[in-house]
Amino acid sequence: MSASVRMLRALAARRLEGAVRRLKVTDRDLERGPRRDADVPVDGSAPSGARSGARSGARSGEQSRPDRRRWLGLVVVSLGVAMIIVDSTIVNVALPAIIRELSITSTDAQWVQESYTLVFAALLLSFGRLADRYGRRLLFLAGLLVFIVASVLAALGQNGPELIGARILQGIGGAAMLPTSLSIINAEFRGRDRGIAFAVWGSTIGGTAALGPLLGGWLTTSFSWRWAFGINVPLGVLVIVGLLLLVGESKGADVRPGVDLGGALLSIVGFGGVVFALIEGRNYGWWGSLKPFSLPGLPWPSGVSPVPVSLAVGVLALVLFVVVELRRNRADQVVILDLQLFTITSFRNGNVAAAVVSLGEFGLLFSLPLWFQNVRGYSAFETGLALLPLAVGSFAASGLGAQVGARRGAAFVVRLGIVLEIVGIAAIGLFARADSAWWVTVPCLFVYGMGVGLATAQLTGVVLVDVPVAQSGQGSATQSTSRQLGSALGIAILGTVLFTSLGSNLTSALDGAPGLPGGQGSQLVAAVVDSAGAAIPSLGANPATAAVADAARVAFTDATRATAWVAVAFLLLGLAVSFSLGRTPGQHED
């Protein structure tokens with residue numbers, strides 16, 4: 001063999017070895033997590049996190065240099081999330097003024113409150129998938145525009161149906177924004193930056209949930225209930241400008257044709273039906289009808305509770321949804337929810353933990369405002385001030401959670417947050433009295449708020465840490481839906497505990513009380529329970545029933561304490577579930 005041939009063969013062999021090495025490097029990059037590079041912005045450039053990572057050698061494990069635009073974009077997205085969270089709580093304190101001015105019926109008043117939550121929970125999953133397919137910033141922006149228009153319509157509403165319609169539109173806009181905000185964060189941030197970003201997002205959720213009653217009380221008292229909706233307009237315009245300037249567009253890499261219309265409809269009917277049943281079970285009866293029910297403009301059979309019907313329809317729709325999604329998955333068709341995500345341990349266990357923890361968290365936020373106003377006699381604005389320590393604690397937890405998470409891992413921070421929630425709620429169960437001073441609940445709510453800020457933010461990170469970025473819209477929407485179902489179940493269970501305990505305690509206190517004619521005691525108990533304690537101040541203003549009002553305050557306080565202990569039990573269950581989360585090594589990857 002000639003020397004020239006041997007040289008050519010040696011050169012070819014070296015080139016082949018180099019090609020093999022490059023292929024191996026590519027394979028390793030893919031194995032490290034397809035979520036990192038499978039998600040490409042629509043302008044063809046790398047995601048901002050990938051750009052900064054490339055500049056600073058993030059592929060070798062170094063932390064990317066912070067990008068100021070990304071962090072300003074996070075502030076913008078968090079402000080948008082704050083708008084929809086506040087709007088879910090602000091109406092509670094504005095509703096009495098709305099009823100007086102518009103002269104709406106009790107049915108309309110109930111739908112003003114519940115239509116937003118119901119539509120919001122029903123659409124989360126569908127909008128999460130749409131965000132992956134058509135663009136996250138685009139869907140967030142579209143949801144925001146719908147939300148702003150709906151807020152204007154609500155502020156200008158002249159009757160119940162107009163206000164209910166505006167609230168439904170608000171729910172649609174909010175459902176497009178919440179899961180999309182998470183998928184934007186998941187696509188934009190990496191490693192430790194992602195943990196900090198989720199901490200900011202989580203503290204926004206916890207803090208603004210407590211700020212809603214304060215803001216609503218102030219606007220309603222100082223101006224008009226209409227400003228509780230109108231304030232969304234200037235804030236929304238600010239968020240729109242920030243989105244266009246600071247947040248890049250991205251979407252999933254799935255380009256398969258077709259849409260999963262059947263899955264979308266089944267998920268809407270399923271989650272909407274289940275959430276409605278959980279929220280309204282106490283009001284309308286879990287089986288027999290407790291009071292008449294009617295849909296706006298539509299008749300309903302008398303004596304029939306809508307709750308079991310809604311629950312049965314919802315469960316059946318969800319079973320069919322799973323069947324349809326499994327069939328489409330096997331056929332490699334586009335789906336609303338890729339059920340293979342539940343094979344990811346962190347995603348599956350994290351969603352279970354999120355639902356259980358939300359069950360304990362939001363049930364308490366349902367009972368405390370009632371206790372402050374109807375037992376302690378606080379105004380709507382004063383109730384907001386009393387809940388302010390919760391918001392302060394939640395915001396304070398954002399920096400702490402990121403620092404501790406960087407050293408000990410996100411799962412540890414989740415458990416720490418749940419423990420703080422347990423301590424705060426247990427303290428309320430121990431120390432709350434009918435004549436408690438305002439400062440008694442301040443440290444309890446501050447500790448509880450810190451727990452909410454830690455657990456909410458880092459649990460979100462745990463759920464999404466191993467979800468491919470290309471599917472982050474689905475993943476974000478699923479965990480948001482888990483939280484909504486958990487909170488609805490919490491309100492259902494803890495609300496039942498609250499009012500059952502209130503009725504039982506007050507009945508015992510009034511049994512055989514002097515000065516009460518036969519049968520009047522049961523009527524007074526029904527008045528207090530049916531009004532969720534709102535009848536107590538009027539009873540106290542009448543000298544003939546002042547003693548009844550005192551007994552009702554004690555009974556309501558004891559019921560609130562019982563509710564706190566049930567919430568503690570659910571959070572202990574959530575703490576136990578959190579140990580299945582294990583370590584989250586992906587949290588520290590680039």
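Trainee: Which element gives the largest share of the lining of the second largest cavity?

Mentor: Bear in mind that this is a predicted model. As a general idea, rolling a probe the size of a water molecule over the atoms shows where empty space is left. In this structure, the largest share of the lining of the second largest cavity comes from H3, which contributes 5 residues. The elements that give two or more residues to that lining are helix H3 (68–102) and helix H6 (160–188).

Trainee: How many cavities of 30 Å³ or more does the structure hold, and what volume does the second largest cavity have?

Mentor: The structure holds 5 cavities of 30 Å³ or more, and the volume of the second largest cavity is about 70 Å³. Among the residues that line the second largest cavity are Arg69, Leu74, Ile184, Glu188, Phe189 and Val247. By class, its lining residues divide into 7 nonpolar, 2 polar and 3 charged.

Trainee: Turning to charged side chains, how many salt bridges does a search of the whole structure find?

Mentor: The general idea is that side chains of opposite charge can pair when their charged atoms come close. A search of the whole structure finds 3 salt bridges, and one of them joins the side chains of arginine 226 and glutamate 101, at 3.0 Å from N to O.

Trainee: Where do arginine 226 and glutamate 101 lie, and is arginine 226 buried or exposed?

Mentor: Arginine 226 lies in the loop between helix H7 (191–222) and helix H8 (227–230), whereas glutamate 101 lies in helix H3, so the pair ties together parts that are 125 residues apart in sequence. Because buried means under 20% relative accessible area, arginine 226 counts as buried at 17%, while glutamate 101, at 43% relative accessibility, counts as partly exposed.

Trainee: Which helix holds aspartate 550 and arginine 553, and what salt bridge does arginine 561 form?

Mentor: Aspartate 550 and arginine 553 both lie in helix H20 (residues 546–578), 3 residues apart, which is about one turn of the helix, and their side chains meet in a salt bridge at 2.9 Å from N to O. Aspartate 550 is partly exposed at 46% relative accessible area, and arginine 553 is partly exposed at 21%. Arginine 561 forms a salt bridge with aspartate 558, with the closest N and O atoms 3.8 Å apart. Both of these residues also lie in helix H20, 3 residues apart; arginine 561 counts as partly exposed at 23% relative accessibility, and aspartate 558 is partly exposed at 33%.

Technical notes:
Residues are numbered from 1 along each chain as its sequence is written. This is a predicted model: local features need pLDDT of at least 70, side-chain atom pairs count only at pLDDT 80 or more; totals for chains, interfaces and linings use all residues. Side-chain values use heavy atoms; hydrogens and water are left out. On a 1 Å grid over the protein atoms alone, a cavity is a set of points where a 1.4 Å probe fits but cannot get out, and a pocket is an open set with protein on both sides within 12 Å along at least five of seven lines; lining residues have an atom within 4 Å of a point. Grid points are joined across faces, edges and corners, and a volume is the space filled by probe spheres set on the points. Helices (H or I, at least four residues) and strands (E, at least two) are DSSP runs, numbered from the N terminus. Ala, Val, Leu, Ile, Met, Phe, Trp, Tyr, Cys and Pro count as nonpolar, Asp, Glu, Lys and Arg as charged, and the others, Gly among them, as polar. A salt bridge is a side-chain nitrogen of Lys or Arg within 4 Å of a carboxyl oxygen of Asp or Glu. Buried means under 20% relative accessible area, exposed over 50%, partly exposed in between (1.4 Å probe, protein chains only).
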